[in-house]
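Subject: Handing over a structure

Dear colleague,

I am passing this structure on to you, and below it you will find notes on what came out of the analysis. Please read them with the sequence and the model side by side.

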Amino acid sequence: MSRKVGIIGDGHVGSTVAHYIVANGFVDDLVLIDINEKKVNADAIDFEEAMPNLEYHTNIIVNDYSELKDADVIISALGNIGILDTPEAKGNRFAELPFNQRNVVDVANKIKESGFDGILIAITNPVDVITSLYQKFTGLPKEHVMGTGTLLDSARMKRAVAKKVGVDSRSVNGYNLGEHGNSQFTAWSTVDVLGHSIYDLVDEYNLDLDQLDKDARDGGFTVFSGKKYTSYGVATAAVRLMNVVLNNAMTVLPVSNYREEYGVYLSYPAIVGRNGIVKQLKLELSKEELDKLQSSADYIKNKYEEVLNK
């Protein structure tokens, strides 16, 4: 059975996603869409020239929305990351919203016109609000539209904890929840490593949980300050999520999904498979964590309503 994926936005992140997919032969057909025709066509040729030295062949299709009709997954990576490198941005992903919301509405309408009925994955920031906009304007079922959300932030938390404890980051379990942004938080009640709750290791490893939480939250801007964009971490999260969908892997992931009790898209663990969000989990969170999650949900909802009321 042929696998087909579309990537909308061929900037730093989109091209990294595309390279990861092509180099590993994850799909048969890859549709690349970007308003910069010279750039996207150049990347398509570059990928084709890489193929003689790869084990896999991928058919590359450029700037044809009609080709999305039978795609299994669309990944939205459009954006203007340069906006974040301005004094007024002050490390806030919502600085990208005015630019991205206009483009997302236009793209969502084109996706709808194509007849696409697969799974849509948003990377575009601010991802929780953007995911909401995609769902509204494509008309796709809520469970078929998701954002990478704190899948990346949870990885940043795992990296920070692993460095302190001295293990591989894949040996740390747990979640960051809420907004993929400044109101997110590490739900320490969910974090375990070395067979113990993180709370049991605080003294032995001299762990400052507040600092580790900050390291996870600020991770993206640490990378951004060094190279003026982020790419590998978020692209890997997006491709992992794509593969979970394509493989019907039924994997628990902290992605941005619509939670009825909060009335908004936010990151919370869910079982993901070929049908998107297959089942939502219910964590046993502390009162403090529940309050933080509600606060983050309120923040996302207010921002989304501001967009709709403009």
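The largest pocket has a volume of about 940 Å³, where a pocket is an open set of points, on a 1 Å grid over the protein atoms alone, at which a 1.4 Å probe fits and which has protein on both sides within 12 Å along at least five of seven lines. Grid points are joined across faces, edges and corners, and the volume is the space filled by probe spheres set on them.

Please bear in mind that this is a predicted model, in which local features need pLDDT of at least 70 and side-chain atom pairs count only at pLDDT 80 or more, while totals for chains, interfaces and linings use all residues. Residues are numbered from 1 along each chain as its sequence is written, and side-chain values use heavy atoms, with hydrogens and water left out.

The lining of the largest pocket comprises 34 residues, and Leu151, Leu152, Ser154, Ala155 and Arg156 are the ones nearest its centre; a lining residue has an atom within 4 Å of a point. At least two lining residues come from each of helix H5 (151-165), strand S7 (173-177), helix H6 (209-227), helix H7 (232-246) and strand S10 (251-259), helices (H or I, at least four residues) and strands (E, at least two) being DSSP runs numbered from the N terminus.

S7 also belongs to an open sheet of three strands, in the order S7-S8-S9 with antiparallel pairing, two strands being paired if DSSP finds at least two bridges between them. S7 and strand S9 (196-197) are at the edges with a single partner strand each, so one side of each is left without a neighbour in the sheet. Between S7 and strand S8 (residues 185-193) there are four bridges, and Asn173 has Asp192 in S8 as its bridge partner. H5 packs on this sheet, touching S7 and S8, and its direction makes about 135° with that of S7; contact means heavy atoms within 4.5 Å, and angles run from 0 to 180 degrees between N-to-C directions of axes fitted to C-alpha atoms, for helices over the stretch in contact.

The other pocket-lining strand, S10, pairs with strand S11 (residues 264-273) in the antiparallel sense over nine bridges, Tyr258 having Tyr265 in S11 as its bridge partner. Four residues separate the strands of this hairpin, in which Gly263 takes a positive phi near 65°.

With best regards
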